[in-house]
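Biologist: I would like to learn how to read a structure like this one. Could we go through it together?

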Amino acid sequence: MNIVFVASESTPFVKTGGLADVIGSLPQALRKEGNVIDVFLPKYKAIPEEYKQRMESVYRGEISLGWRKQYCGVDTLHLDGINYYFIDNEYYFGRDNIYGYSDDLDEAERFTFFSKAVLEMIPKVIEKVDIIHVHDWQTAMVPVYMEAQYKKEAFYENVKTMFTIHNLKYQGIFSSHLLGDVVELGPEYFHPEALEFHGCINFMKGALVYADIITTVSDAYAKEIQYPFFGEGLDGLLRKRHNDLYGVINGIDTVSYDPASDVSLIEQYRDWSGKYVNKKVLQQLVGLPERQVPMVAMITRLVEQKGLDLVVRVLDELLQDDIQVVILGTGEPKYEQLLSEIASRYSEKFSLQLKFDEAMSRQIYAGADLFLMPSLFEPCGLSQLISFRYQTVPIVRETGGLKDTVQPFNEYTGEGNGFSFMNYNAHDMLHTIRRAISFYQDPQQWEKIVRNGTVHDFSWKQSAKKYRTLYHQLCLREEAVTT
């Protein structure tokens with residue numbers, strides 16, 4: 001099959017979060033399954049010069065966007081068996097940041113342009129497409145435009161669309177006056193069965209209405225978002241489309257995240273006993289005393305979704321125990337301030353690193369004993385999967401992909417690869433951390449838990465097979481209609 005991925009970021013070109021890791025790894029896994037994969041991305045200013053130098057121009061022209069005529073170029077780069085196409089427009093993408101512009105019109109216009117440009121450019125640079133697979137709100141207008149403007153074209157007549165929700169919270173909600181002026185759609189698309197959402201237009205809702213298949217990044221999250229608490233106002237629509245909604249757990253790049261070859265580590269290791277040296281290195285790196293005590297780590301955005309309310313509620317109490325805690329990340333000022341105050345009182349036990357540092361994050365995975373993820377909601381989560389890879393035991397709240405991948409340890413059967421709690425409650429979390437630490441004090445039990453976490457295959461191989469099955473279902477669905 002010929003699959004086109006459309007996304008707003010991807011490693012190794014530009015990354016702000018887990019979406020980039022997915023787009024950087026999943027196409028490679030699908031290529032190994034025998035598919036032809038092309039990937040469309042914006043040509044951001046932030047893309048490293050080493051990649052820009054290798055790009056070749058394959059098209060220069062312009063497209064319409066409402067009353068505007070906008071320049072559109074396409075540059076291509078072949079990397080590791082994948083053809084990458086970069087939509088070039090200096091006005092939209094030649095800026096320092098890739099997201100976060102507060103102007104309602106600006107964000108809507110940038111990613112409306114990108115979605116429409118992709119559909120305009122695909123027939124000019126690709127011979128055949130079976131499925132267009134789009135990701136999150138920034139590309140959600142692709143299925144809408146397919147239905148509204150492109151499906152009648154011969155090239156797109158049999159092309160299907162798949163939309164993947166990576167985080168339902170971020171939907172691309174904009175003022176309704178942009179519908180005609182920027183989005184270039186008529187009033188028939190401003191109603192509850194299309195883009196209308198509480199008097200605004202909602203890009204993600206458009207994809208949920210018009211995409212042929214909807215996926216999200218874990219089985220549990222696919223179920224959760226059909227309920228009001230997790231559904232972010234779209235649970236009714238998701239229930240309506242439940243027969244077209246599938247959960248496929250994310251994987252990780254097991255070549256990059258390999259403690260036996262990770263160049264970010266001072267000491268590479270295969271056996272869990274190799275973590276001892278890495279813990280000493282980490283303690284030196286973050287300014288903690290070199291002591292052989294349980295170390296709990298978090299690498300996270302400091303926001304409500306990640307469970308920071310629970311952490312700040314009981315961290316003082318937890319730090320009464322003989323442990324060390326390391327937190328790496330940035331986020332909302334209130335959490336940064338609260339954590340900084342606690343760190344100032346427990347400098348021998350708690351290190352707060354208010355930054356993001358890729359090399360340090362890998363050293364934390366390698367040096368910590370326990371990895372804490374008390375999320376309010378978590379579509380998939382990658383950190384718990386990386387933790388398994390580095391033989392660090394996760395402690396999670398039972399939600400989304402955390403529930404799907406972390407099985408609580410049962411000391412009677414010897415089964416389980418981590419620890420979990422169900423209620424969004426700070427003292428439930430504290431109790432679970434202390435329970436985990438009690439097993440850490442028993443080397444025989446601890447080794448069993450660590451080894452349980454290493455036997456699962458969290459590479460993209462199994463997930464790619466599931467996506468390939470869904471792609472086949474889409475193609476067979478089209479064959480059934482035509483016959």
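Predicted model: local features only at pLDDT ≥ 70, side-chain atom pairs only at ≥ 80, totals over all residues.

Biologist: How many bridges join β16 to β17?

Modeller: Strands (E, at least two residues) and helices (H or I, at least four) are DSSP runs, numbered from the N terminus. Two strands pair if DSSP finds at least two bridges between them. Here, four bridges join β16 (residues 370–373) to β17 (residues 393–397), and the two strands run parallel.

Biologist: In what order do the six strands of the open sheet lie?

Modeller: The order is β15-β14-β13-β16-β17-β18, with parallel pairing. At the edges are β15 (350–353) and β18 (419–421), each pairing on one side only. On average, neighbouring strands of this sheet are turned by 15° against each other, direction ignored.

Biologist: Which strands does helix α12 lie across?

Modeller: For this we use contact, meaning heavy atoms within 4.5 Å. Axes are lines fitted to C-alpha atoms, for helices over the stretch in contact, and angles run from 0 to 180 degrees between N-to-C directions. Helix α12 (residues 308–318) lies across β13, β14, β15, β16 and β18, at about 155° to β14. Helix α17 (residues 426–440) lies across β13, β16, β17 and β18, at about 165° to β18.

Biologist: Is helix α5 mostly covered or uncovered?

Modeller: Buried means under 20% relative accessible area, exposed over 50%, and partly exposed in between (1.4 Å probe, protein chains only). In α5 (residues 141–150), seven of the ten residues are buried, so the helix is mostly covered. Among them are Met 141, Pro 143 and Tyr 150.

Biologist: How many aromatic pairs does a search of the whole structure find?

Modeller: Rings of Phe, Tyr and Trp (its six-membered ring) pair if their centres lie within 6.5 Å; planes under 30 degrees apart count as stacked, over 60 as edge-to-face and the rest as tilted. The search finds 26 pairs. Tyr 150 and Tyr 156 form an edge-to-face pair, 5.9 Å centre to centre with 80° between the planes. Both of these residues, Tyr 150 and Tyr 156, are buried.

Biologist: Which residues do ring pairs link into a cluster?

Modeller: The cluster holds Tyr 44, Tyr 91, Tyr 92, Phe 93, Phe 113 and Phe 114.

Note on methods
Residues numbered from 1 in each chain as written. Heavy atoms only, no water.
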